[in-house]
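Okay, thanks for coming, everyone. Let me put the structure up and talk you through a few spots in it.

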Amino acid sequence: MSTKEYIKNFIKDPNIASVTPTSKQGVKEVCSKMSFENRVVIIEYGPATGVFTNYLLEQMSSDSVIITIELNENFVDYLKNNVQDERIHIHHASAERVHDIMEGYGEQADYILSGIPFTLMNNEVRRNIVKQTHSVLKQGGKFLPYQTFFQRDGHLKDHLHEHFSSVQDRYVFRNIPPMRVYEAIK
């Protein structure tokens, strides 16, 4: 998908967090908290055009799995048409449905990545997504949301502290816009 098409989706869809996809450096920074030595189950909220998805597919083993949950129908169609790999399972849904979706797989996730804009959600939706995220992670699993850098603690960090035993955040400036990256460990 061209940058022009990505921007068209950004303008039409208030649920898209950034005007551009995450940079290669941003992807590497977020994924540096993951290990790909063994089989992993990864959930990705809001994969958009698949910049993280493609990076993950390059890194993970042949028996690993990525379960994507994307609300934007144009991005779902794009992924289905452009990311051909038997390890990816694409769902057109809200992250609020992660628990229901994971019941169909019969296992828990090692990692959950998220680029969805918690800033644009109401408190109830934020709390629900964080709670369900915690419930589908394995013990020791990590939730790795990345957000635009201006996000206040009340948008996400405070909710993470309610459910996760360890929560850290850092800023990544080698991305447009700069990102605030969280690591929440179950």
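This is a predicted model: local features need pLDDT of at least 70, side-chain atom pairs count only at pLDDT 80 or more; totals for chains, interfaces and linings use all residues.

Residues are numbered from 1 along each chain as its sequence is written, and side-chain values use heavy atoms, leaving out hydrogens and water.

So, the helices. Helix 2 (residues 24-31) and helix 3 (residues 51-59) have axes that come within 10 Å and cross at roughly 60°, and the two are therefore oblique to each other. Contact here means heavy atoms within 4.5 Å. Helix 2 brings Gly26, Val27, Lys28, Val30 and Cys31, and helix 3 brings Val51, Phe52, Tyr55 and Leu56.

Next, the rings. Phe, Tyr and Trp rings (six-membered ring for Trp) pair if their centres lie within 6.5 Å; planes under 30 degrees apart are stacked, over 60 edge-to-face, the rest tilted. The whole structure has four aromatic pairs. One of them is Tyr45 with Phe143, edge-to-face, at 6.2 Å centre to centre and 65° between the planes. Tyr45 sits in strand 1 and Phe143 in strand 5 (residues 137-148), 98 residues apart.

Buried or exposed: where does Tyr45 fall? Buried is under 20% relative accessible area, exposed over 50%, partly exposed in between (1.4 Å probe, protein chains only). Tyr45 is buried at 0%, and Phe143 is buried at 0% too. Ring pairs also link Tyr45, Phe143 and Phe164 into a cluster.

Notes: Axes are lines fitted to C-alpha atoms, for helices over the stretch in contact, and angles run from 0 to 180 degrees between N-to-C directions. Helices (H or I, at least four residues) and strands (E, at least two) are DSSP runs, numbered from the N terminus. Angles under 35 degrees count as roughly parallel, over 145 as roughly antiparallel, 65 to 115 as roughly perpendicular and the rest as oblique.
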